[in-house]
Every structure is written in C-alpha cells, then in structure tokens.
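Hi,

Here is the structure I promised to pass on. Have a look at it first, and then read my notes below.

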Amino acid sequence: MSVVQSVDNVALLPAYLAAGTAVLVLLADLLVARARVTVAAAALGATATVVGAVLVGSGGERRTFCVGSDCSYVFGGRAALVAVVVALLTLGVLGLSGPLLRAGTSPAGEYCFLLAASMTGGVVLGAAGDLITLVVALETLTLPLYVLVGLRRGSLASIEAAVTFFVVSVVATTLTLLGAALLYAATGALHLGRLGALFAERPELLDLPLTTAAVALVVLGLAFKVAAVPFHAWAPATYDGAPLPVAAYLSTASKLGGVVALLAVVQRALPAEVTGPVLALLAVLTMTVGNLVALRQRRTVRLLAWSSVAQAGYVLAPLGALALAAGRTDDARAAAYAAAVAYAVFFVVLELGAFAAVVALRPAGADGGTLDDLRGAARRRPWPAVALALALVGLAGLPPGLAGLFAKVTVVRSLLDGGAGWLALVVAVNAVIGLAYYLKVTAALWAAPVPVAGSSAGPAAAAPGERVTSDPLSAYSAPAGRAWAVAAVLAVATAAALVLGVAPQLVLDLAAR
C-alpha cells in the first residue's frame with residue numbers, strides 16, 4: 001500500500017480562505033493601521049469562507065490526505081454546514097465588536113486576527129478524519145480565545161476569566177491527548193473510521209482496561225469543551241469576565257466546535273455501548289444542574305452561561321439513546337446524530353441573537369450588567385428588547401420561537417425512536433424548569449424599572465470588573481449602543497431564527513448527511 005498521501009486543494013479551499021483571512025488581517029493592520037480597514041478585511045475573509053464552504057460542500061463529499069481508504073480530511077455536507085455556521089458566527093461577532101473596538105478597550109488588529117485564527121480551527125474541525133487533526137483543529141479554535149477573553153484593558157474580571165479558561169482548557173486537552181495516545185496503543189489506529197471498524201471487527205478490544213481508560217479520557221476531555229456537568233465550572237466565570245462579543249463567540253462557535261468534536265468520535269470511532277451510558281449520564285446532569293442554577297442568577301451573562309450549560313445537555317441527550325440496544329440500530333443512530341447537530345445549530349443562532357440584543361442594550365465596552373438593568377428596557381429600546389424576548393422564548397422552546405420548539409421536538413423524537421423514553425421525559429421536565437427563568441427575564445423587559453433610592457445614595461455593589469451606575473436605565477441611552485453593525489447582526493440573527501423555525505428541515509437534511 002502506498003504511503004503517499006493525495007491532496008485535494010478544492011476540499012481544502014474553505015480552510016485556505018479562513019487561514020488567509022488571518023493573514024489578510026495581519027497585513028491590513030500592519031500596512032494601513034486603521035481599525036475600520038482591519039475589521040473590514042476580517043469580515044471580507046469570513047464572507048469568502050462562507051461562499052467557499054457552500055461551493056465545495058454542494059459538490060459532494062471530497063477527501064484528502066488519504067492513505068488507502070483512510071483519510072484525515074473529509075469535507076462533506078455536515079462539514080460544510082459547520083464551516084458555514086462558524087464563519088457566519090465570526091462575521092456576527094465582528095459586527096457586535098464594533099462598539100467595543102471604537103471604545104478602544106481592545107486593540108482591533110490583535111482582536112480580529114485572533115478571531116480569524118479561531119475561525120480557521122472551526123472550519124477544519126468539521127472535516128477532521130483522524131484524532132490528530134481533530135485535536136489540532138479544536139485547539140486552533142480554542143487557543144486564540146484565551147487571549148480574547150483577557151483582551152479587555154483595565155478589567156480584573158477579564159484577566160481572571162482568561163486564566164480560568166486557560167487552566168481548565170489545558171487540563172481538558174491533556175485528557176483528550178492522553179486518551180488518544182492510549183487508543184493508539186490499544187488499536188494501532190488514529191483515523192476515526194479505522195478505529196470504528198477495528199472495534200466492530202475485534203470486540204475483544206473492549207475488554208481491555210487500556211481501551212476503557214482511553215475511551216473515558218477522550219469523552220471526558222471533550223466534555224470540558226461543551227461545558228458538560230461536572231466539567232462546567234469554568235463557563236459562567238469565563239463568560240461573565242469576557243467582553244460581551246467574545247462571550248457570544250464562546251457560547252456559540254466554541255460550543256459548536258466541542259459538540260462537533262464529541263460527535264465525530266462518538267459517531268465514527270468509539271463503541272456506542274461504552275459511550276452511550278456515559279453520555280446519557282452527562283446529558284441528565286448537564287441539563288438539570290444548568291437549569292436549576294440558572295434560576296438563581298442575577299447577572300445577565302451568568303444566566304445566559306448557565307442556560308448554555310443546560311442547552312448542552314439537550315444537545316447530548318440524543319446521544320444518550322446509544323446506551324440502549326434500540327438506540328444502536330442504524331436508523332436510530334442516524335436520527336440521534338442528526339438531532340444533536342440540528343439542535344446545536346438552532347441553539348447557536350438563538351444564542352447569538354440573545355447576546356446581540358444584550359450588546360445593543362448596553363453601553364459600548366460594558367459588561368452584561370444585572371437582570372435589574374434589563375427591567376423596563378422595552379420602554380426605552382423596544383426593538384432590541386423584542387429581539388431579546390424572541391431569542392429567550394426560542395431557547396425555552398415556546399412559540400413564536402419556532403426554531404427552539406422544533407429543536408426540542410427533534411431531540412424528543414430521536415429519543416423516543418431510540419427507546420429512551422425515560423430520557424425524553426427528563427428533557428421535557430427540564431424544558432419546563434427552563435421556562436421559569438426565560439419567561440421571568442422576558443417579563444422583566446416590560447416591567448416598571450427599579451426605582452433609584454435618591455441621587456445622594458451610593459451606587460449598588462457590583463461584581464469585579466462591572467461598571468456601576470446609579471440609574472439602571474442609563475445604560476439604554478448610550479449612543480454607541482445604537483451602532484448600525486450591532487443592529488444589523490441583531491436583525492440577521494432574528495431573521496435567521498425565524499427562517500429556521502419556518503423551515504427546520506433544511507438544517508435537519510444537512511445534519512443527516
């Protein structure tokens with residue numbers, strides 16, 4: 001067998017465009033040194049990446065870096081979907097970052113370069129065909145975020161969040177790499193398809209303690225990336241300390257990357273009878289703990305962070321059906337994988353809309369503030385408040401947020417098809433719990449503002465790094481909050497949620513490929 005690897009440059013085109021975006025941003029910042037030009041270069045590159053992924057993905061599956069039948073890079077329908085979503089999220093976060101960059105709290109060149117580098121990892125991740133490519137792509141997605149989280153000048157909370165994120169991510173990466181090394185020691189293979197075939201042909205490998213330890217380490221290491229309980233403690237502090245646009249990227253593109261990586265190893269490499277029970281347990285713990293703790297949150301971004309933890313549980317739930325024999329039939333497995341990908345896509349669109357609305361309602365460069373700051377927001381800024389309400393209702397799974405409703409229906413249907421009716425019941429119960437805080441925040445948008453106890457009174461105590469104001473509604477009067485780019489991102493995210501709610505089968509068809 002020849003060991004010379006074939007290279008298909010067409011398959012690599014989206015990755016070339018994403019990496020070229022990072023280079024273009026560096027050159028623009030070096031030669032022109034104007035923030036608008038740098039941001040425009042990053043936006044142009046992200047748009048080109050979207051176009052490239054659509055063109056390549058529409059031409060059928062393409063493989064490259066192949067030795068025999070094993071390929072390290074496989075770009076098909078699902079990889080194209082991931083690449084398009086990651087690039088669009090990057091474009092959206094760039095739009096949300098306009099007020100932040102104009103305020104001078106973050107350097108535009110470094111900010112856009114790191115965002116483009118992270119986008120490159122997300123584009124490659126969807127097409128990864130072996131464990132090495134998977135881990136390298138996941139770290140390329142994650143590494144720039146360590147710096148982006150701590151890039152807000154003069155904020156102690158931002159620095160603390162960056163250190164927390166860095167330490168936890170290093171531990172998670174170490175576990176994943178150790179698990180991959182042990183898998184190679186037990187099987188002699190690294191390609192995902194080859195690993196799956198070996199476990200199917202030689203079931204005695206599953207009896208080896210080395211294999212059990214390897215599978216556990218890989219799954220648990222990737223569970224950190226999606227903030228699954230009990231590997232979730234880093235997420236609320238990191239989201240709350242990061243600049244708002246970076247928190248939006250963490251909650252959407254970064255989480256989507258973790259889901260894609262976990263799904264790749266579960267679907268193609270690791271035995272379902274081993275991973276199924278673990279994923280079922282993680283799903284139950286994640287959605288339950290996330291929803292219960294979110295009920296007690298008083299800060300906006302922390303509530304969205306705990307909501308994101310709970311949503312990760314819903315994403316993992318269909319994979320929990322693999323714990324049962326009925327869930328391991330070909331049809332049930334296909335439905336579970338498609339449901340997990342589709343839910344992740346629906347979630348990131350709604351989550352981006354929620355963060356975009358919060359950015360629109362807050363002063364430039366400020367953090368997310370408290371839930372009391374949102375009281376009465378619809379009286380001053382009705383359109384961003386309506387968009388936030390629609391995103392929250394969608395995350396809760398209620399109409400008119402049809403995207404969220406169909407996402408939860410898809411998950412429940414896949415669980416019932418896989419014989420995991422008990423897990424579908426847990427999903428339904430947690431969806432009801434989630435209504436309590438989603439609807440509470442939505443109602444607060446139209447409630448009367450909290451009265452200020454007199455102008456001579458001192459400001460309320462704030463969390464580290466939070467700006468304190470004596471008037472909760474003063475946040476809505478900042479002109480920077482009306483930036484056209486933020487309004488455009490909010491409008492597009494809201495429109496996308498509405499379109500996906502009306503035609504959810506578009507995402508389901510791509511996710512099933």
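What follows is a short tour of what turned up in it.

First, the ground rules. This is a predicted model, so to speak of a local feature we need pLDDT of at least 70, side-chain atom pairs count only at pLDDT 80 or more, and totals for chains, interfaces and linings use all residues. Residues are numbered from 1 along each chain as its sequence is written, and side-chain values use heavy atoms, with hydrogens and water left out.

Confidence comes next. pLDDT is the predictor's confidence in each residue, on a scale from 0 to 100. The protein chain averages 85, and 91% of the residues score at least 70. Helix H1 (residues 13-31) has the highest confidence, with a mean of 94, while helix H20 (residues 505-511) has the lowest, at 73. (Helices are DSSP runs of H or I with at least four residues, strands are runs of E with at least two, and both are numbered from the N terminus.) Over residues 454-482 pLDDT stays under 50. Where pLDDT is low, the predicted coordinates should not be read in detail.

Now the cysteines. A disulfide here is a pair of cysteine sulfur atoms within 2.5 Å, and by that rule the count is one. Cys-66 and Cys-71 form it, with their sulfur atoms 1.9 Å apart. The torsion about their S-S bond is about 105°, so the disulfide is right-handed. Are these two buried or exposed? Buried means under 20% relative accessible area, exposed means over 50%, and partly exposed is in between (1.4 Å probe, protein chains only). Cys-66 is at 12%, so it counts as buried, and so does Cys-71, at 7%.

On to the nonpolar core, meaning a set of buried Ala, Val, Leu, Ile, Met, Phe, Trp, Tyr and Cys residues joined through side-chain atoms within 4.5 Å. The largest one has 170 residues, and among those that touch the most other members are Phe-75, Tyr-111 and Leu-388. Helix H14 (residues 330-361) supplies the largest share of this core, 21 residues. Leu-388 is in contact (heavy atoms within 4.5 Å) with residues including Ala-354, Ala-357 and Val-358, leaving out residues up to four places away in sequence.

Ala-33 sits in the loop between H1 and H2, and its phi is near 60°, a positive value in a residue other than glycine. Ala-227, in the loop between H9 and H10, also has a positive phi of about 60°. Ala-33 is exposed, at 57% relative accessible area, whereas Ala-227 is buried, at 1%. The loop between helix H9 (209-225) and helix H10 (234-241) also holds Pro-230, and the peptide bond from Val-229 to Pro-230 is cis, with omega near 10°. Most residues other than glycine have a negative phi, and most peptide bonds are trans.

Back in helix H1, Ala-28 is buried, with a relative accessible area of 11%. Leaving aside neighbours within four places in sequence, Ala-28 is in contact with Ala-33, Val-37, Thr-38 and Ala-41.
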